[in-house]
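Visitor: I would like to know how the descriptions of a structure follow from its values. Please take me through a few cases.

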Amino acid sequence: MIKLSLTVNGRRVTADIDPRTLLVDFLRSNLRLTGTHVGCDTSQCGACTVHLNGQSVKSCAVLAASCEGAEVVTIEGLATGTTLHPMQEAFREHHALQCGFCTPGMIMAGVDIVNRHGAKLDEATIRKELEGNLCRCTGYHNIVRAIETGAAAMAGAKVAAE
Amino acid sequence: MTDQGIGASVKRKEDLRFITGKGQYVDDINRHGQAYAVFARSPVAHATINNIDVSEALASPGVLGVYTGADLAADKIGGLICGWMIHSKDGSPMKAGAHPALAQGKVRYVGDHVAVVIAETLDQAKDAAGLIQVDYGELPAVVDVASAQAAGKAQIHDEAPGNTVYQWHLGDKDAVDAAFSKAAHVTKLDIVNNRLVPNAMEPRAAIGDYDAGQDQFTLYTTSQNPHVARLVLSAFIGIAPENKLRVIAPDVGGGFGSKIFIYAEETVCIWAAKKVGRPVKWVAERTEAFLADAHGRDHVTTAELAMDVSGKILALRASTKANLGAYLSTFASSVPTYLYAPLLSGQYDIPAIYCEVDGVYTTTTPVDAYRGAGRPEATFVVERLIEVAARETGRDPAEFRRMNFIKSFPHQTPVIMAYDAGNYGASLDKALEMADYKGLAARKAESAKKGKLRGLGFSAYIEACGIAPSRAVGSLGAGVGLWESAEIRVNPVGTIEVLTGSHSHGQGHETTFAQVIASKLGVPIEQVSIVHGDTDKVQMGMGTYGSRSGAVGASAIVKASEKIIAKGKRVAAACMEVPEDSVDFENGEFLGRGTNKKMTFGEVALQAYVAHKFDPEVIEPGLKEGSFYDPKNFTFPSGVHIAEIEIDPETGHTRIDRWTAVDDFGILINPMIVEGQVHGGIAQGVGQAMLEHTVYDENGQLITGSFMDYTMPRADDLPSYNVAMTTTPCPSNPLGVKGCGEAGAIAAPPALINAITDALGHEDIAMPATPQAVWRAAQKSARKMAAE
């Protein structure tokens, strides 16, 4: 067992873990943050996407032990109190989810796309950037619309904050 | 309430928990003291089991139990069942081999369940599973469905000689043969409908829990139909009587058919929970999902269409070999028979149809219903034949379809179905306009200038869903009735719980069913809770598949709401001191006709419970009503999809330029949700036509057993879709609704293959039309054109 300290959703967390523990299992089993899902065993589906030090990662492909001192944000940490993140709001507005299983990963990926590309996203960019996130329900149509809207709303929120 | 009722694109009530990570899927549930199950699976496709040595596994750290088929047999646990009896042409019942939850004496596909290890931790269970020693006596694999029945092939089940489960047929062969003999033109196609892996994003999972004090079993499972699971586990497998077995299907992450079935894993988990005295949890890894979730499709078909000189269709015949895999899954037998051949009339007036189907065992994963289930296979046959026939006879494919459309309703097809309503020309007209069919030639020329090949393909599909009238399916061999139940519990303050036997795993019932209540009872959807997925809460239900939850499940809710109104009128009459037959119910208020007396729905609910103002000898207190609704017919959604694609002949890459979908689903409860269902269905259909393929090698090893090998549709494989509706209300249910869940997956494959073959200038391409396959076909076309 090794000692691990990191920040998850703004909360300082310390735990003794088996060194081979994956970040996704640490989040789900140790912290009971079950919004981050496991949909495959080859790091293809993206249901486990979280933000690690501000960048989106597939938490099934990250050893928890490598996250010492890191800042992790999961789907549970995206909203501010009861105020949803603009990307969460956009997913609901555009019916960008059906069964909801891929949704946390999609939303975390969507936020990351906007962080990297800015608010002016065209459809082709969104579709290309979603390559690492699989959805079996929606056919992606409404996910693309949601990320377009979420991007604009994030830009608006940023302007308002400044 | 019109802003919330039937017809409103209300945002989904269930979304908040999903977008904040608070959904509760089976893997998110943990029971105190739970242990973990890992299955030892067969690494070979076909073998006798000479010996299983579990001693080393049993001695492994943390192991609580290791069980094999012998242990299940000793406890008299029955095998998995197939719930639909099919009779062969000669009248004999289908020949099904046993399907034990853990193998007994033999394994029949790679992934077959040989043993289970229960251990304190998942890692300990995995480690121990690797220590189980199995002595296999390998037998030849039987992989190819087309040759599986041939003499000399290995025999998979003793009960099914020649690996043939049934040789079934439907239709009037003599009439069809006579029509073909006088045909002016016959179009013939050999068609392979490729095998697919459903791949709901949530892998299957189960937790078995046994309470020794109460002698009560609880199973948490990723099921589309928890009551059917309870019925089968109780009545056939013999886990426990129904009153001692609770099945909970909480949030379920997609199903597409694959979570209808009662599988080995949940059977073993619930049984083993009592054996080890601990809750037992199993969660599939994706690799296990590829191996052990029932696959879909896998037909090999020869089909022919006969027409006269004017282009009028005279007859259709099809001969199909359907791969059922190594065992008969829960509804496997019905998919290539009664869910397939009765759809071969499509949208067309075809006087004579004959179809024969051989259901065949192979040493592959069992095959069962996958989104569309039989209807995509039928539609592919019909819409490819129609398209090719039009091209062969020099007719415009749109006008050839229109000419042969069924134009008056009701229409009795020669293959069981009585279509109740439709307006196929309306959908075609709208689709042609939206797709700018008139501008196609110019767009083709523009593509050609860039060295690209442009093509357009139609698919005018029909489907039969809203499964199904119980007496009708009973007469065809179904082991169950296919009604749905609903119970409306009105609380004293006027809030409502609706208990439904339908199960939502993405369909949005918590919203749409509340909308039905809003329309019928005038109660805001915020005051309505939909309860589903728990056999201890909902008395009975048949679950969600076959696009049945709107047509059947919501109809049951309508029936129950009518009883609520009737009871409410009696209570209101007593309270308002007016005659019962003079009370009207409008917009959530009970009105004394001809008086100014009225009571709100909430006031009547309160009075029903306080029971101060009526005679309990005449009116029972309380406001709760239930209904079992059995549909009088299937519903028949239809529509026209048009795919337009552009191929780069240098790379074989096919780009979907535009997708037009015009569907007639009757009355829509929530158009936003319906469109979402269409989008998702099209994506799965595009996946089948261009990307997804399940490949076994000659030894029966699954080559495409992960997301690295099996091409799931990704966002950049797909276009945005142009979706529109026409509306012919369904006359067969009280809401006028039809099913919408499967339509896209049914419509899309032939539209795409028709478009690709249009671009390539010949008919020879199999699904999936991958870039390599398209490139090869483009090369062949180019050589052919050069030679001419």
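**Strands, helices and contacts**

Guide: In this predicted model, strand β1 (residues 35–41) of chain B is joined by 6 bridges to strand β5 (residues 113–119) of chain B, and the two run antiparallel. Within this pairing, Arg41(B) stands opposite His113(B) in β5(B).

Visitor: What makes β1(B) and strand β12 (residues 280–283) of chain B a pair?

Guide: Two strands pair if there are at least two bridges between them. β1(B) and β12(B) have 2 bridges, in the parallel sense, so they count as a pair. In one of these bridges Tyr36(B) has Lys281(B) of β12(B) as its partner.

Visitor: Why is β1(B) called largely enclosed by the rest of the structure?

Guide: A residue is buried if 20 or more other C-beta atoms lie within 10 Å of its own. In β1(B), 6 of the 7 residues are buried, so the strand is largely enclosed.

Visitor: What describes the packing of helix α14 (residues 509–521) of chain B and helix α15 (residues 549–576) of chain B?

Guide: Two packed helices are described by the angle between their axes and the distance between the axes. For α14(B) and α15(B) the angle is about 35° and the axes are 10 Å apart. The crossing of α14(B) over α15(B) is right-handed.

Visitor: Which residues of α14(B) and α15(B) make the contact?

Guide: Phe513(B), Val516(B) and Ile517(B) are among them on α14(B), and on α15(B) they include Ile557(B), Val558(B) and Ile564(B). By class, the contact of α14(B) with α15(B) has 8 nonpolar, 3 polar and 1 charged residues.

Visitor: How do you know that residues of chain A and chain B are in contact?

Guide: Two residues are in contact if their C-beta atoms lie within 7 Å. By that cut-off, 43 residues from chain B and 42 residues from chain A take part. On the side of chain B that touches chain A, α17(B) gives the largest share, 7 residues. That side divides into 18 nonpolar, 14 polar and 11 charged residues.

Visitor: Which domains does the assignment give for chain A, and what do they contribute to their contact?

Guide: The assignment gives domain 1 (2–77) and domain 2 (86–161) of chain A, with C-alpha centres 21 Å apart. Domain 1 of chain A gives 15 residues to the contact and domain 2 of chain A gives 11 residues. On the domain 1 side, β3(A) gives the most, with 3 residues. By class, that side has 5 nonpolar, 10 polar and no charged residues.

Methods
Residues are numbered from 1 along each chain as its sequence is written. Chains are lettered from A and ligands numbered from 1 in the order in which they are written. This is a predicted model: local features need pLDDT of at least 70, side-chain atom pairs count only at pLDDT 80 or more; totals for chains, interfaces and linings use all residues. Axes are lines fitted to C-alpha atoms, for helices over the stretch in contact, and angles run from 0 to 180 degrees between N-to-C directions. Helices (H or I, at least four residues) and strands (E, at least two) are DSSP runs, numbered from the N terminus. A crossing is left-handed if the near helix is turned anticlockwise from the far one by less than a right angle, and right-handed if clockwise. Ala, Val, Leu, Ile, Met, Phe, Trp, Tyr, Cys and Pro count as nonpolar, Asp, Glu, Lys and Arg as charged, and the others, Gly among them, as polar. Domain bounds come from an automatic or database domain assignment. A residue is buried if 20 or more other C-beta atoms lie within 10 Å of its own, exposed if 12 or fewer, and partly exposed in between; C-beta atoms are placed from the backbone.
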